[in-house]
Amino acid sequence: MTDNTPYATVEDLIKFWRALTPEEIERAELLLSLASTKLRQMAKNVNKDLDDLIAKDVIMPDSVKLVVLSAVKRAMISVDDAQSVTQAAGTYSVSTTYANPQGNLYFTKSETNGLGLGGGTQNIGSISMTEASIY
């Protein structure tokens, strides 16, 4: 693979997840490319060449493809698909929770650790925004 070739194709995403509309196909192509570039950069940041690792390992190509497909699926599910919906009849209450409401493209710690890259999403503790008193 060259430095620009995505690790997964739209056809892979369709087989992995579901059929896509023409608009979704266009978005998927971009996300597949971005996810692949992001993984290459993460590998470079830890002094690894992901394309070289893929060329030398039989399992690595499918592992990388799975990580890319999973990240793209998460980004594409975003607002269109609810993670949970709660309804009540008494006072007409409806509550909807989305798994990734902003459609962010990200890898989990498990995914990047599985590829030997570390990183992934991390919880950041609270940061105090109050001004410290100097007196």
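1. Lys-56 is exposed, at a relative accessible area of 66%; exposed here means over 50%, buried under 20% and partly exposed in between, with a 1.4 Å probe and protein chains only. Its side chain meets that of Asp-52 in a salt bridge, 3.1 Å from N to O. The term salt bridge stands for a side-chain nitrogen of Lys or Arg within 4 Å of a carboxyl oxygen of Asp or Glu. Asp-52 counts as partly exposed because its relative accessibility is 34%. Both residues belong to helix H3, where four residues, or about one turn of the helix, separate them.

2. A word on the basis of these notes: the model is predicted, so local features need pLDDT of at least 70 and side-chain atom pairs count only at pLDDT 80 or more, while totals for chains, interfaces and linings use all residues. Residues are numbered from 1 along each chain as its sequence is written, and side-chain values use heavy atoms, leaving out hydrogens and water.

3. Now for the overall layout. The protein chain has five helices and two strands, in the order α-α-α-α-β-β-α from the N terminus. These elements are DSSP runs numbered from the N terminus: helices are H or I with at least four residues, strands E with at least two. Of the 135 residues, 30% count as buried. The accessible surface is about 9,200 Å², and 53% of this belongs to carbon and sulfur atoms; the areas come from the Shrake-Rupley method with a 1.4 Å probe, and for residues only the protein chains shown count as cover.

4. Contacts deserve a line too. Among those between residues at least 6 apart in sequence, 63% join residues at least 24 apart, a contact being heavy atoms within 4.5 Å.

5. Helix H4 is worth a look. It covers residues 60-77, 18 residues in number, and spans 26 Å from first C-alpha to last, close to the 26 Å expected at 1.5 Å a residue; the expected span is 1.5 Å times one less than the number of residues. Its buried residues include Met-60, Val-64, Leu-69, Arg-74 and Met-76. Among the elements that cover the buried residues of H4 are helix H1 (10-16), H2, helix H3 (50-56) and helix H5 (109-114).

6. Which residue forms a salt bridge with Arg-74? The partner is Glu-111, with the closest N and O atoms 2.8 Å apart. Arg-74 lies in H4 and Glu-111 in H5, so this pair ties together parts 37 residues apart in sequence. Arg-74 is buried at 18% relative accessible area, and Glu-111 counts as buried at 14%. Arg-74 also lies over the face of Tyr-106, 4.6 Å from the ring centre; such a placement requires NZ of Lys or CZ of Arg within 6 Å of the ring centre and within 35 degrees of the ring normal.

7. Glu-24 sits in helix H2 (residues 22-45) and is buried, with a relative accessible area of 15%. Leaving aside residues up to four places away in sequence, Glu-24 touches Arg-18, Ala-19 and Met-76. With Arg-18, Glu-24 forms a salt bridge whose closest N and O atoms are 2.7 Å apart. Arg-18 counts as partly exposed, at 29% relative accessibility, and lies over the face of Trp-17 at 4.3 Å from the ring centre.

8. Finally, the whole-structure search finds five salt bridges.
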